[in-house]
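Look through the model first, then read on.

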Amino acid sequence: MLPLSYLGAAAAAFVAAMVALPWLAPELNGHYYHPRVLALTHAITLGWITMSILGASYQLIPIVLQRPLWSERLARWQLGVLLIGVTGMIAHFWIGTWPALASAAALVGLGAGMHVVNVVLSLRDFDRWTFTARLVVLGHVGLSFTVVFGFALALNHLWPLLPGAFFPTLHAHIHLALAWWIAPMLMGVSARVYPMFLLAPEPHGWPGRMQLWGLAVGAPVLVTGLVAAPGLIAPGAAALAAAAAGHVVWVISMARGRKRPGLDWGLRFVLAAAGFLPLGTVLGLALAFDLLSGPRVALAYAVLVLGGWASLSIVGMMLKIVPFLVWYRVYSPQVGRTQVPTLAALGWPAAEATAWVLLTGGILALALATASGRVDFIAVPGVALATGALAFAASLGHAVLHLVRRPSIRATETEALAR
Amino acid sequence: MTVTREQVWTALGEVFDPENGMSIVELGLVYGIDIHDDAVHVTMTFTTAGCPLHASITDWVRQAIKRIPGVETVDVRLTFDPLWTPERIRPIPDRTR
C-alpha cells in the first residue's frame, strides 16, 4: 500500500493542478514569477512529479536495484511529512506568505532528506552499478541540491542571503530539479521498465553513455553558468540536449524492437511523452544560445518538458503500475483457486483514450498558447487538460475500486489462470 | 499413472503473466521439464531478475502442475543463465522438448 499511497497523493496533486489551469490563464499570460504560477509549478514538480517518483521508487527499487528498501516505516513517516510540507508550500505560494512558505519548505527538505537516507542505506554494499543504478544515485544527489537551492530561495525572501542575482539562482533551482532529479530518475527507470512493458530487448550502447554523462556533467555546468559563469550556459545546455537525444534514441529502439503485440494506453502515453522531449530540448537550446528569450518562451519550454515529457511519462507508467499493484494485492492470492479478472480488465480504455487525446493535445496547445501570450488561447487548452486529468483519475479510480469492492467478473474478462 | 511432458506443457500454458496477458510458455520462460515418476522438475526464468511476480508465478506453476493426475511433487528451479530475451517469445510452443 505504500507506493499506492504516494501515487494516490501524486494523482490528486496532478488533478488539482490541471483543474486550476483554466482559472490561472491570466497569470500564465504574464511572468512566471507570480505567486499563483509558482503554486501551480510546485503542485506539478513536488506534488505530482516528485511524489510519483517517490511512490514508484518504493515499488521499483527492489526490481531495479534488486534489493529491498531499507525502511518502509521511514517511508511512511516521510509521506506524512511531505504531504504537510508540499501542501503548505503550494498554499503559501498561492497566498504569497513567505515566512510560512519557508517553514513548509523546511518540512519538504526534511521529507526529501528521509528519502535520500532510505535510498543510501538501501544501497549499502551495492555492487551492481548498472545504467539505472548510476542514474538513481545521480538523481538523489540532484534531489539534495535542488532542495538546498529551493530552501535558500525561500529563506532569501526573509533574509537576503544569496550572493548573486535572484533570477539566475531561481533558474539554477529549476534546472537542478529538471536535469539532476527528474531526468535521471525518469531516464534510469524507463531503461529498466520500458523493456518489461514493451517486451523489448534491454537498451545498451552509446545512447546510454550520452544520457549518463550528459546529465552528470551538463546539469552542474549549466547551473554554474547560470549563477556564476554565463559562458558555461551553452555547453551545459548542449550536454543536456545530448542526454535527451540519447533517451529518445533508446525509446525509439525499444518501441521498434518490441515483441508486445499491441500498445495499451499506458504505453501510448510514454511513447507520446518521448515525442515532447525533442520539442522541449530545441526550445531549451534556443533559450540557452540566446536565439529566443522572454518569460513566455520560458513558460512554453517548461510546459513541453515538465508537462509533455515528464508528466505524460508518469501518467503512462502510473496507468501500468497502479492497476498492477491493485491486481497483485486483491487477485494474485486467488489465482488458481477461483476465477480472477485479467490485469487489463482493471483498466478503463475509454477513459484512458480520452485522457490521452486531451492531455497530449492539451499540452501541445498550452505550449503554443503560452508562447503566443493570448489569455483566451491559454484557457481553452486549460479546460482540455483539466478534463483529461479527470479522465486519467477516473481510470485510476476504476482500478483502485477493486480494493474496496470486487466487481462481478464477466466471462469475457476472465482468463484461464484457474481451471 | 504416468505423467507426460504434454500434460505438463499444457498445464504451464495456462499460467499467465498478468502484465502482458501471455502464458509463461509463449513468453519462453520455461527452459526445461524433467519428469521422474510422480515428480516434476521445471527449470524456468523470469523476464527480469527481481520480477515482482517472482513468488506468485512460481506458486501458480506448482499449483498448475499439481492438478495433473499422478503428480505428487513439483520442484521449480529458477535460473537467470541464460538471461531471458524477447527473442524467446514464441506464439506456438514447441512441446516436444
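## Cavities, pocket and helix packing

Helix 11 of chain A supplies the largest share of the lining of the largest cavity, at four residues. The model is predicted, and the totals for linings use all residues.

The structure contains three cavities of 30 Å³ or more. The largest has a volume of about 260 Å³. Its lining counts 18 residues, and A:Met196, A:Phe197, A:Phe324, B:Glu19 and B:Pro52 are the closest to its centre. Two or more lining residues come from each of helix 3 (35–64), helix 7 (166–198) and helix 11 (295–330) of chain A. By class, the lining of the largest cavity has twelve nonpolar, three polar and three charged residues.

The second largest cavity holds about 210 Å³ of space. Its lining also has its own count, 18 residues, with A:Ile53, A:Ala56, A:Ser57, A:Leu60 and A:Val189 nearest the centre. Helix 3, helix 6, helix 7 and helix 11 of chain A each give two or more residues to this lining. Helix 3 of chain A gives the most, with seven residues. The lining of the second largest cavity has 15 nonpolar and three polar residues, and no charged ones.

**An open pocket**

The second largest pocket has a volume of about 490 Å³. It is lined by 25 residues. Nearest its centre are A:Arg192 and A:Glu202 from chain A, with B:Thr47, B:Thr48 and B:Leu83 from chain B. Helix 6 and helix 7 of chain A each supply at least two lining residues. Helix 7 of chain A has the largest share, four residues. The lining of this pocket divides into 16 nonpolar, six polar and three charged residues.

**Helix pairs in chain A**

| Pair in chain A | Angle between axes | Axis distance |
|---|---|---|
| Helix 6 (131–156) and helix 8 (206–227) | roughly 15 degrees | within 10 Å |
| Helix 1 (2–20) and helix 11 | about 140 degrees | 11 Å |
| Helix 4 (72–95) and helix 5 | about 155 degrees | 8 Å |

Take helix 6 and helix 8 of chain A. Their axes cross at roughly 15 degrees. That angle makes helix 6 of chain A roughly parallel to helix 8 of chain A. The crossing is left-handed. From helix 6 of chain A, the contact uses A:Phe131, A:Arg134, A:Leu135, A:Leu138 and A:Phe149. From helix 8 of chain A come A:Gly208, A:Gln211, A:Leu212, A:Leu215, A:Ala216, A:Val223 and A:Val227. Sorted by class, this contact has nine nonpolar, two polar and one charged residues.

Next come helix 1 and helix 11 of chain A. They pack at about 140 degrees. That makes helix 1 of chain A oblique to helix 11 of chain A. Their crossing is left-handed. On the side of helix 1 of chain A, the contact residues are A:Pro3, A:Leu4, A:Leu7, A:Ala10, A:Ala11 and A:Phe14. They meet A:Ser311, A:Val315, A:Met318, A:Ile321, A:Val322, A:Leu325 and A:Val326 in helix 11 of chain A. The contact of helix 1 with helix 11 of chain A has twelve nonpolar residues, one polar and no charged.

What is the relative direction of helix 4 and helix 5 of chain A? The angle is about 155 degrees. That makes helix 4 of chain A roughly antiparallel to helix 5 of chain A. This crossing is left-handed. The contact of helix 4 with helix 5 of chain A divides into 20 nonpolar, seven polar and no charged residues.

**Backbone details**

Where is the cis peptide bond in chain B? The bond runs from B:Asp81 to B:Pro82, with omega near 5 degrees. B:Pro82 lies in the segment after strand 5 (73–78) of chain B.

In chain A, A:Asp125 is not a glycine, yet has a positive phi of about 60 degrees. A:Asp125 sits in the loop between helix 5 (98–122) and helix 6 of chain A.

Technical notes. Residues numbered from 1 in each chain as written. Chains lettered and ligands numbered in written order. Predicted model: local features only at pLDDT ≥ 70, side-chain atom pairs only at ≥ 80, totals over all residues. Heavy atoms only, no water. Axes fitted to C-alpha atoms, helices over the stretch in contact; angles between N-to-C directions. Parallel < 35°, antiparallel > 145°, perpendicular 65-115°, else oblique. Left-handed = near helix turned anticlockwise from the far one by under 90°. Contact = heavy atoms within 4.5 Å. Nonpolar A, V, L, I, M, F, W, Y, C, P; charged D, E, K, R; others polar. 1 Å grid on protein atoms, 1.4 Å probe; cavity = no way out; pocket = protein on both sides within 12 Å on 5 of 7 lines; lining within 4 Å. Points joined across faces, edges and corners; volume = space filled by probe spheres on them.
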